[in-house]
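Hi everyone, thanks for making time for this one. Let me put the structure up, and then we can walk through the inside of it together.

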Amino acid sequence: MDQPQVTRRLSVIGLGYVGLPVAVTFAQAGITVIGFDIDAGRIRELTNGHDRTREVDGDRLNQATLRYTHDPAALRKHMDHLRDILPKAWEATDRRLAETI
């Protein structure tokens, strides 16, 4: 009996010097990735091919299977999550964000 085809989807929360390379690496492997960050300016930069942390070259930021968002509703639509939770993520503002997801 054939196994059903599983579409892998991954969310990476926090697109800093750790989360962004993780998101890009999985996208390069062909996995559909949504990269989330609360900073709308950061999302604009990444969408335009610029990483201020210089962890990822601009040409690697535009993978066909990688999408960036700062919208929690878009993140909720993605089912499988990898949470990049660094100590900063437990500050009060980020805890409120986590509760909305």
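Let's start with V24. Setting aside neighbours within four places in sequence, V24 is in contact with V56, R60, L61, Q63, L66 and Y68, where contact means heavy atoms within 4.5 Å. Before going on, please keep in mind that this is a predicted model, in which local features need pLDDT of at least 70 and side-chain atom pairs count only at pLDDT 80 or more, while totals for chains, interfaces and linings use all residues. Residues are numbered from 1 along each chain as its sequence is written, and side-chain values use heavy atoms, with hydrogens and water left out.

Now, which residues touch the most other members of the largest nonpolar core? They are L15, L20, V24, V33, L61, L66 and Y68, out of 15 residues in that core. A nonpolar core here is a set of buried Ala, Val, Leu, Ile, Met, Phe, Trp, Tyr and Cys residues joined through side-chain atoms within 4.5 Å. Buried means under 20% relative accessible area, exposed over 50%, and partly exposed in between, with a 1.4 Å probe and protein chains only. The elements giving two or more residues to this core are β1, α1, α2 (40-47) and β3. Helices (H or I, at least four residues) and strands (E, at least two) are DSSP runs, numbered from the N terminus. The largest share, 4 residues, comes from α1. There is also a second, separate core of 5 residues, and I34, F36, A74 and L75 are among them.

On to the strands. Strand β1 (residues 9-13) pairs with β2 in the parallel sense over 5 bridges; two strands pair if DSSP finds at least two bridges between them. On the other pairing, 4 bridges join β2 to strand β3 (residues 66-69), again parallel. Why is β2 largely enclosed by the rest of the structure? Because 4 of its 5 residues (32-36) are buried. β1 is mostly covered too, with 4 of its 5 residues buried.

Last stop, R42, which lies in helix α2. At 5% relative accessibility, R42 counts as buried. A polar atom of the R42 side chain lies 2.6 Å from the backbone oxygen of L15. Beyond neighbours within four places in sequence, R42 is in contact with residues including G16, L20, D37, H50 and D51.

Methods: Polar contact = N/O pair within 3.5 Å; in protein donor to acceptor, adjacent residues only side chain to side chain.
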